[in-house]
Amino acid sequence: MSEQNTYLPYLMTIEKVIKEAPGVKTYRLKFQDEAEAEAFEFKAGQFGEYSAFGEGESTFCIASSPTRKGYIECTFRDSGRVTSGLASLEEGSTMGFRGPYGNVFPMEEWKGKNLLFIAGGIALPPMRCVIWNALDLRENFKDITIVYGAKTVNDLVYKSELKEWSDRPDVKMVTTVDPGGENADWKGEIGFVPTIVEKVAPSAENTIAIVCGPPIMIKFTFPVLEKLGFKDDQIYTTLENRMKCGVGKCGRCNVGKLYICKDGPVFSKEELNLIPAEEY
Amino acid sequence: METKYIGKDGIEKWFNAIVASGKRVFAPVNARGQVDFKPVKKLSEVAGDYIQTTQSIKASVYPKAEVLFSYEKVNGKVNLTDFDPESVPETVLWKVHPCDAAGFKPLSAIFNWDTADKLHNAHLIKTSVISFSCAAADESCFCTSVNGSPGNTSGSDIQLTMLPDGGAIAEILSPKGEALVALLPSVFEADKGEKKEKYLVDLPARFNLEEVNAKLNKAFDSTVWKEQSERCLGCGACAFVCPTCACFDIQEDAHGSKGRRIRCWDACGFAMFTLHTSGHNPREHQSQRWRQRILHKFSYMPERLSVVGCTGCGRCSRACPVDMNILEHITSIAKQ
């Protein structure tokens, strides 16, 4: 029988550990098997099942860009049994990875358009993949604006990359923290993400908005975008529900008849309108 | 397909030949009043007078807990041992009801609709199904409402219809069925021209599936879910006895440097099924979980997999400690 066991993970070596924020780490992972590394392909928006042997599997996006070959990265918060098992691993350790799963951001269709990225807190990782993908193919897109907010300065992830994006002349980078989350050195905005979006967003004309954040942030950002003139097919997001298999069988991530793991995780607002919001 | 006659003595001889071939044989056994599929060696062990086994035969092709792979950590490295399809023994299921055999189709649809499931398929390939058509039913049975019938042959390799003389009409339905006949071909005689339908229980349909489907397409926000599920305990018994429920969990069984990753049955009725780490739960209330159960089986599966997630076996109604009767509930949705 030539069928592959879907649940058998790739073995990965943790090549690099970056501490992003309290409890939040980024791992750079390399395939231990060269043939597997060679054959592996993914696109921006996809996710995987990451495993700590002895603890189990957890679902995160692939946070690195497909334009950066030879490795994948994931960013996660130490918040449960598996993630705390993962967080206790060190550089050089072995962990498991299954994927890539799910659909992708239609970046080909976005050629020649302005991109507006809106992210909150720990939801920057899925967007970081798209941001680097767009920046590595910079000539394909017009203006790129990034609005990123977190509760406090400490909670901002990818701090060195935020600075790098901010220093680039071809990116408009806006960082913000919730009122009270600033410190003495803070030079960014102070205010909730939707408010800042309203203040700094480019014209909706020829622009795609990619929104990713906690449900409350998304809920308040959509009306702002609507007010700015964005149509539902100009707004994209990526959803997350609890998952086990990642391949449409275990039965828990569905929203109405759609599986986030198969039909998502990427949805346009136009598609979101057709599925029940209470199930995500 | 070929139809034969097998006499009373022939049935026992053939059964013994199957056992003697070294295949595992599972059949309904009455253990202290509860009838369930168990390994058997003699025909006399097989239960006679009952309507339905408590558990379906689902576990034979989708075990309650199955090792997906095992691993060992050695000097900072990890060695994986893949699931071996050859480790699955040849199995014959004897005296399966048509509603159980019919459950194989929706199960396989779930496991193979996108990526093929190596484990499920390994069990399917090694499993042969000898079903017995139904001469009796009870008030929970409703196969005829969900595209089935007491003589439905879907999922069966051979179907026997018992005759008053103790013999049976034998429908040989697949190459696997032919292989079973080949173990003792001499007991299979020429068809006597008896009509199978004469010996099947008469079970009028209780609802129209297409009507239910049309109603469900507009029922997501209905108050019916709350009304119907107010007494639901969320115990998951319905899912565990169901021949088509396939939702699972993946768990780790680790001991020191060695461990196994295991797929275990789960149930959409459990409160933790969809609980996020953050505490957010998209299906927080039992009514939302009950809705998911019904919509998944009667709306999402028909639309996406072209198969109904219910065979009308009635087990969920029989097993429910608070009488959540699926037949009553579906019938009332159809009438809305």
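**Two chains, helix by helix**

Biologist: Helix α4 of chain B, residues 118-126: how many of its nine residues are buried?

Modeller: Seven of the nine, so α4 is mostly covered. A residue is buried if 20 or more other C-beta atoms lie within 10 Å of its own, exposed if 12 or fewer, and partly exposed in between, with C-beta atoms placed from the backbone. Helices (H or I, at least four residues) and strands (E, at least two) are DSSP runs, numbered from the N terminus.

Biologist: Where does this model come from, and how are things labelled?

Modeller: It is a predicted model, in which local features need pLDDT of at least 70 and side-chain atom pairs count only at pLDDT 80 or more, while totals for chains, interfaces and linings use all residues. Residues are numbered from 1 along each chain as its sequence is written, and chains are lettered from A and ligands numbered from 1 in the order in which they are written.

Biologist: Back to α4(B). Which residues are buried, and what do they pack against?

Modeller: The buried ones are B:K118, B:L119, B:H120, B:A122, B:H123, B:L124 and B:K126. They pack against β4 (65-74), β6 (91-96), α3 (104-112) and β7 (127-132) of chain B. Contact here means that the C-beta atoms of two residues, placed from the backbone, lie within 7 Å.

Biologist: What is the mean pLDDT of chain B?

Modeller: The mean is 95, and 100% of the residues of chain B reach 70 or more. pLDDT is the predictor's confidence in each residue, from 0 to 100. For the model, ipTM is 0.92 and pTM is 0.93.

Biologist: Different topic. At what angle do α6 and α11 of chain B cross?

Modeller: The axes of α6 (residues 209-216) and α11 (residues 326-335) cross at roughly 75 degrees and come within 8 Å. That makes α6(B) roughly perpendicular to α11(B). Angles under 35 degrees count as roughly parallel, over 145 as roughly antiparallel, 65 to 115 as roughly perpendicular and the rest as oblique. The axes are lines fitted to C-alpha atoms, for helices over the stretch in contact, and angles run from 0 to 180 degrees between N-to-C directions.

Biologist: Which residues make that contact?

Modeller: From α6(B), B:E211, B:V212, B:K215 and B:L216; from α11(B), B:I330, B:I333 and B:A334. By class, that is five nonpolar, no polar and two charged residues.

Biologist: What does B:A319 touch?

Modeller: B:A319 sits in helix α10 (residues 315-319) of chain B. Leaving out residues up to four places away in sequence, B:A319 touches B:A237, B:C238 and B:V241. The C-alpha atoms of B:A319 and B:V241 are 7.5 Å apart, although 78 residues separate the two along the chain. B:A319 is partly exposed because it has 19 C-beta neighbours inside 10 Å.

Biologist: Which peptide bonds in chain A are cis?

Modeller: One joins A:G99 and A:P100, with omega about -5 degrees, and A:P100 is in strand β6 (residues 94-101). Another runs from A:G264 to A:P265, with omega near 10 degrees. A:P265 lies in the loop between β14 (258-259) and β15 (266-268) of chain A.

Biologist: A:Y158 and B:N75 have positive phi without being glycine. Is each of them buried or exposed?

Modeller: A:Y158, with phi about 55 degrees, counts as buried because it has 21 C-beta neighbours inside 10 Å. B:N75, with phi near 45 degrees, counts as exposed because it has 5. A:Y158 is in the loop between β8 (144-150) and α4 (159-167) of chain A, and B:N75 is in the loop between β4 and β5 (77-82) of chain B.

How values were computed: Nonpolar A, V, L, I, M, F, W, Y, C, P; charged D, E, K, R; others polar.
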